[in-house]
Amino acid sequence: MKSKKLKISAAYYYLGLAIGLIKRDQVIDWADDCLEKYEVPYELIELSLSQEKGLDEILSLLKLIYNKFELRTPLFIILYEIRLKYLKNEITKDQMFSYISSLLIQGSAIGDDEETLKLLDIIEDRYYLASQGIYGNEEEVIESTLEELRIFETAYNDFSELLKEE
């Protein structure tokens, strides 16, 4: 498996698992699949055997695999995936905004992408104000959020293509 693909995938699973969008079984299935198909680092073998390990241990293993690789691209992928899941009615509006809020909390891990962090902060604030009846219309906030998340489509499509290549 190409190093870049492995690092992007590990970072994607790290962020997804950290915010609750991706489940532990999905991460372990990914690790198992990699073991069957590719020559992989030891941490991926350990990850494959992590069914009984805690969330923090699994996240630590994923972090060792992506090892200081920037999280910007995986963040974009996750944001677009959140958009798609909402549009497919796989998650509720509250879940969508909860995931966005969780990604904002993960901000320190994301690095120096201030522009995206600012966008997430604005989205979170707008939704809070609208949902509390303080300012704005909830439906308009949802629509504008979906439109704003559309900018991450290219990263999502590129990731999907990268996964198909091998």
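Modeller: Not counting residues up to four places away in sequence, Ser48 touches Ile28, Ala31, Asp32 and Leu35, where contact means heavy atoms within 4.5 Å. This is a predicted model, in which local features need pLDDT of at least 70 and side-chain atom pairs count only at pLDDT 80 or more, while totals for chains, interfaces and linings use all residues. Residues are numbered from 1 along each chain as its sequence is written, and side-chain values use heavy atoms, with hydrogens and water left out.

Ser48 lies in helix H3 (residues 42–48), helices being DSSP runs of H or I with at least four residues, numbered from the N terminus. Because its relative accessibility is 13%, Ser48 counts as buried (under 20% relative accessible area, with a 1.4 Å probe and protein chains only).

Turning to the pair of helices, the axes of H6 (residues 93–105) and H9 (residues 138–149) come within 12 Å and cross at roughly 55°, the axes being lines fitted to C-alpha atoms over the stretch in contact, with angles from 0 to 180 degrees between N-to-C directions. H6 contributes Lys93, Met96, Phe97 and Ile100 to the contact, while Glu138, Val141, Ile142, Thr145, Leu146 and Leu149 come from H9.

Within H9, Glu138 has a side chain that makes a polar contact with the side chain of Lys93, at 2.6 Å; such a contact is a pair of N or O atoms within 3.5 Å, and within protein one must be able to donate a hydrogen and the other to accept it, while residues adjacent in sequence count only if both atoms are side-chain atoms. Leaving aside neighbours within four places in sequence, Glu138 is in contact with Lys93, Tyr127, Ala130 and Ser131.

Conventions. Helix = DSSP H or I, 4+ residues; strand = E, 2+ residues; numbered from the N terminus. Buried < 20%, exposed > 50% of the residue type's maximum accessible area, 1.4 Å probe, protein only.
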